[in-house]
Amino acid sequence: MIDVDLINPDEIKDLKDCETLMILSPEKVVVELKENLNYLSIPYFGGVFPGVIYRKNRYDDKIVVVRFQEKLKIFRDSEMPEHVTGSLIVFVDGLYPQAEDILERAYFNYGLISYIGGGAGSLTLKEIDCLFDNRGFFKKGCLFANVKKRIKLAVRHGWSETGTTFIATKTNGRVIMELDWKPAFEVYKEHLEKMGKIISEENFFEVAKAYPFGVSKMEGEFIIRDPLSTENGMILCAGKVRQNSVLSLMKGDKNKLIEAARKCSESIESDRVFVADCISRVLYLGYDFKKELKAIDRECFGPLTIGEVASSETFIEFHNKTIVVGDI
Amino acid sequence: MIDKTKLITTLYELSLLLYPRDVKEMIEEFIKNVMTRFGFSYASIEIPLAGLKMSLPKNFSNGLHKISFEKKYFKLEFGRTKEIPVEYTNILEPLMDKLDQTLEFLILSELKRKLLENNEDVIILVDKNMIVKEMNKKAVELLGDLREKPIDRMWLNENVRLNGRYFYVSVYDLGFLKGIIAKDITEKVLLEIELKEREERLRKIVEIAPFAILIYKDWKFIYANKEAEKLLGYRKEEIIGKHVLDLLPPDCHEKIKHVIHRRIRGEAVPPYDTKIVRKNGEIRHILVDGRKMKWSDGEVIIVAFVDITPQKLLEEDLSFLNSILRHDISNEITIIMNYLELYKEDKSDEFLKKIEESVKRIVNIINNVRNFEEAIKGKECAKIELKDVLSKIVKDFAHNNVEFRVKGDYTVTVNEGGLKIAISNIIENALRHSGTDKIDIEIRGNEDYCEIRIADYGKGIPDDLKEKIFEKGFRYGESANTGLGLYIVKKIIERMGGEVQIEDNQPGGSVFILRLRKG
């Protein structure tokens, strides 16, 4: 059983009557949050995100708090216990290049439980202490909270292929250095120009947010890799890109994205759902983001994330530009 | 329906993951990607030859749908909650074959690499400019890490000594590279040096040993000390290479073969006596002891021996004197006693005559024994002119009215006293038994031997007796005396390393030939 509220940062110190508190904070109020957390005595964990969702709205100045009536086992990636059952709520430093490795390690340890959450961090793409628990704030890591119930979850994005593919001929973690044996940005730019889109280093994210990369799977949707920035001809993504992988240039259709969100939500039977929605998706949808939230036809709450985590019956994945819905 | 574009892309990407590198790293990345692309939630793999067993995740739920592959080098199983399309087996099969081939290459390469890396030999790969391209652990320990640096050309030599260690080097042509394998043979070399030093010490000891020492291997002598040279009369170089049996008289061969076989088998053989033939043909009695031992060339037999000829002769002398006292003189005394008994009864002069004859024989026996003693007592040998000695002997027989003719001369090194007794006995024998009136003495000689031929012109000696007349106590005819005279001649001459023969003289009589060595 949980209770979910939207509060001002200074109200947090008054919270009680629960065993564990999950705190989802927009980056803009992190200073006030830190001041007030000092007064909080109950066990808590949470992340700092580009924004939060509560009911049908996005907030940048208020905090979503989720009160659990069960005592959750909270642990960082450096202290993973031997066994975990039920589900794990996972907040990861979204800009940490080793985030996927930590998630894989958790999956290898705990197997087919449910994993739901997303990447914390700043939309400025600067590293910040974006994860916290009673012991303080930290970055470059992962925070887990073990829920007894098996969370049902769904994940979708709605992005579709343009028909253009690249081979990521040189990569390093999340950085694509070369596409088709040429500097990555040059190739990417060339193809966007063919589609009538002008992209430069300055307007990179403004344009690129509509044209992510997709890695194909035999079943289900492509895994999306979100191009976040460019530097020295290389492209930084919000998730790992393996060398020699075939990347499809994807395109967005707002209606399809919203439809994906709706279908995702519909597959979960619950009056209230946790939603981890990608900030880049939010930025792409713009004013239409409200439509996506509306498409989630029930009470919802959650973070706007830099990368999403979802797995229940398949190998764990760190998604981009995706919406994850679960019945926490 | 399977999307073929996605399938081609997926298979292309997955196949690119199968390339030589760390087995675990490759397997983990490959399996993770297959799981992601094909929606599997579980995988387990076993690669016995790599000692690898992996389940991803380590805990999994039972009741999954599964698909499995068993190849030469691995067993792999994937599982998931959703049903698995049947086509997946055929789709994944070629990838699994490629995985198997890659594993074969990796495992075998790794095994070879580990073998080389952990080899106790120094292994280095160099290019044509002697730049080190690769080296194993032992090589790094010895030379430091020289990869991409030049190495001394001495490593192309067969034998290398470095930092007090010895290496036996083999160089293999590997096309653009050369493989250098250097075996550390320091322990062996040091052992050999120590063995050689020990041998050298042993040689020095053996060299100054007061007895003869010979070492032989495979029946051939490989070493002889100074005493052995002295005793055998050969120089060391003449002894080395000779067959063991070459130094032994034929009548000893069987016995010695048997002894040597026992020694080769490692059996303990107590000291024994035998005979050897010196270079000059002289036979010497020796006492031998020996054993098998390790030598630098393997196992050898070392024998030490001493000359026991004087002791042997002494034994013979004692035995001779003993037999005379116990047998010959005792016989004569018995005869005297018997005739005395008869005389007491009969008082016949004939019995007194018999007693007188016996007493004379006893006197002769004693004279012979005294002569023999004198002959063997004179151990000192001296150079003598034979003609002078013979002239003196002839003078002693001048009262016998016999004509003596002495011809020739020769210088020999002998015991003069002994030789005089021997020649006198022969002359006396000729005068007593042959009835000759003339005796010719001829001296002949060559580089090694000389012969003294004493010829009479009497009645001669029948052929069937020629061998017997030198036996002890042999008496023949009415003029028979003690039966010791010629026996003593033979003994004396043999003691000098010579020999006595008898031939018929022409037109009648006998020729006694004394053959003596010059030295």
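1. I begin with strand β12 (residues 142–147) of chain A, where six of the six residues are buried, so the strand is largely enclosed by the rest of the structure. Please keep in mind throughout that this is a predicted model. In a regular strand the side chains alternate between the two faces of the sheet. In β12(A), the side chains of A:C142, A:F144 and A:N146 point one way, while those of A:L143, A:A145 and A:V147 point the other way, and all of them are buried.

2. Which strands pair with β12(A) in the antiparallel sense? One is strand β7 (residues 73–76) of chain A, which is joined to β12(A) by four bridges and runs antiparallel to it, with A:K73 standing opposite A:N146. Another is strand β8 (residues 87–93) of chain A, whose antiparallel pairing with β12(A) extends over six bridges, and here A:I89 is the residue opposite A:A145.

3. Strand β22 (residues 246–251) of chain A is also mostly covered, since five of its six residues are buried. Strand β14 (residues 160–167) of chain A pairs with β22(A) in the antiparallel sense over five bridges, and within this pairing A:S160 has A:K251 as its bridge partner. Strand β18 (residues 213–215) of chain A likewise pairs with β22(A) in the antiparallel sense, over three bridges, with A:G214 and A:S248 as bridge partners.

4. Turning to the aromatic rings, a search of the whole structure finds 25 aromatic pairs over all chains. One of them is formed by A:Y188 and A:F204, a tilted pair with 5.9 Å from centre to centre and 45° between the planes. A:Y188 lies in helix α3 (residues 184–194) of chain A and A:F204 in helix α4 (residues 204–208) of chain A, so the pair ties together parts that are 16 residues apart in sequence. A:Y188 is buried, with a relative accessible area of 0%, and A:F204 counts as buried too, at 2% relative accessibility.

5. In chain B, the rings of B:Y216 and B:F221 have their centres 5.8 Å apart and their planes at 85°, so this pair is edge-to-face. Both B:Y216 and B:F221 are buried. Back in chain A, ring pairs link A:F166, A:F185, A:Y188, A:F204 and A:F213 into a cluster, and the tilted pair of A:Y188 and A:F204 therefore belongs to that cluster.6. Two charged side chains of chain B are placed over aromatic rings. The charged end of B:R21 sits over the ring of B:Y19, 4.1 Å from its centre, and B:K438 lies over the face of B:Y457, at 4.5 Å from the ring centre.

6. On the surface, B:F211, B:L287 and B:V306 form a nonpolar patch, with about 210 Å² of accessible area together. B:V306 is found in strand β14 (residues 298–307) of chain B, and this residue is partly exposed, with a relative accessible area of 34%.

7. Side chains of opposite charge can pair when their charged atoms come close. How many salt bridges does a search of the whole structure find over all chains? The search finds 73. In one of them the side chains of B:K66 and B:E77 meet at 3.8 Å, N to O, and this pair links distant parts of the chain, with B:K66 in strand β3 (residues 65–70) of chain B and B:E77 in strand β4 (residues 75–80) of chain B, eleven residues apart. B:K66 is partly exposed, at a relative accessible area of 42%, and B:E77 also counts as partly exposed, at 24%.

8. Within helix α5 (residues 186–208) of chain B, B:R203 and B:E199 lie four residues apart, about one turn of the helix, and their side chains meet in a salt bridge (3.9 Å, N to O).

9. B:K344 is exposed, with a relative accessible area of 55%, while B:E341 counts as partly exposed at 43%. Elsewhere in chain B, salt bridges that share partners join B:R278, B:E282, B:R284, B:D307 and B:R517 into one network.

Key: Residues numbered from 1 in each chain as written. Chains lettered and ligands numbered in written order. Predicted model: local features only at pLDDT ≥ 70, side-chain atom pairs only at ≥ 80, totals over all residues. Heavy atoms only, no water. Buried < 20%, exposed > 50% of the residue type's maximum accessible area, 1.4 Å probe, protein only. Helix = DSSP H or I, 4+ residues; strand = E, 2+ residues; numbered from the N terminus. Pairing = 2+ DSSP bridges. Phe/Tyr/Trp six-rings, centres within 6.5 Å; stacked < 30°, edge-to-face > 60°. Lys NZ or Arg CZ within 6 Å of the ring centre and 35° of its normal. Patch = residues over 30% accessible without salt bridge, like charges linked within 9 Å, V, L, I, M, F, W, Y side chains within 5 Å. Areas by Shrake-Rupley, 256 points an atom, 1.4 Å probe, with all protein chains shown as cover. Salt bridge = Lys/Arg side-chain N within 4 Å of Asp/Glu carboxyl O.
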